[in-house]
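Below are my notes on the model you sent, arranged as numbered points. Please read them with the coordinates open.

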Amino acid sequence: DTTMYRAYLMQGGLGMPDREYYLGQSPRFVELRAKYVAHVAAMLKLAGYPDPEGAAKRVMALETAIAKTHVSVDDSSDVSKSNTVWTRADLARKAPGLDWDAFLGGAGLAGQQRFGAWQAPAISGMSKLAGAQPLPAWRDYLAFHVVERGAPFLSKPFVDEHFAFNGTALSGTPQQR
């Protein structure tokens, strides 16, 4: 219905590009996972976070659990598999575990009644993780992602560490502009 806007819910929450970086067994993915854990620890250490190495392991474990809920890139690109519509009632029924009223209220969508559920299995899986994963793991995860998102705007050590992983390790860019 082109006369209406619809909010979409989609899979997300990973610090690396997609699920294969967490689950794939190629030497490249195994190497990147080790570099990612070191990167998470380095960023949290720069931020003065207590026990950055332990936190990095918890972040990786949580993101791996999130990745397991994600659909593959191929399935995500298949419109017939991914483009589903859920009602407000469907959220609690098909994706229990998340306080949908609080989530939607915080997103400014409290009055929304229909949603595009682009990768429905991931939405259901991630909702279950919300209550199933330990709170300290979520705190570490959120702390890291706040630092990671802000890193390009912080001091040089943050910028350099952010680029070392995201620019060089992930993308192969040899130096910053």
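Predicted model: local features only at pLDDT ≥ 70, side-chain atom pairs only at ≥ 80, totals over all residues.

**Notes on the model**

1. Residues are numbered from 1 along each chain as its sequence is written, and side-chain values use heavy atoms, with hydrogens and water left out.

2. The protein chain holds ten helices and three strands, where helices (H or I, at least four residues) and strands (E, at least two) are DSSP runs numbered from the N terminus. Read from the N terminus, their order is β-α-α-α-α-α-β-α-α-β-α-α-α, and the C-alpha atoms fill a box of roughly 45 × 30 × 30 Å along the principal axes.

3. Among contacts (heavy atoms within 4.5 Å) between residues at least 6 apart in sequence, 72% join residues at least 24 apart.

4. Helix H3 (residues 52-69) and helix H9 (residues 135-150) deserve a look, since their axes come within 8 Å and cross at roughly 95°; the axes are lines fitted to C-alpha atoms, for helices over the stretch in contact, with angles from 0 to 180 degrees between N-to-C directions. H3 and H9 are therefore roughly perpendicular to each other, the class that covers 65 to 115 degrees. On the H3 side the meeting residues are Ala-55, Arg-58, Val-59, Leu-62, Glu-63 and Ile-66, and on the H9 side they are Ala-137, Trp-138, Asp-140, Tyr-141, Phe-144 and His-145.

5. His-145, placed in helix H9, is buried, with a relative accessible area of 9%. Beyond its neighbours within four places in sequence, His-145 is in contact with Gly-13, Leu-14, Gly-15, Tyr-36 and Glu-63.

6. Arg-33 lies in helix H2 (residues 27-46) and is buried, with a relative accessible area of 13%. Leaving out residues up to four places away in sequence, Arg-33 touches Met-16, Glu-20, Tyr-21, Tyr-22, Leu-23, Gly-24, Gln-25 and Met-60.

How values were computed:
Parallel < 35°, antiparallel > 145°, perpendicular 65-115°, else oblique. Buried < 20%, exposed > 50% of the residue type's maximum accessible area, 1.4 Å probe, protein only.
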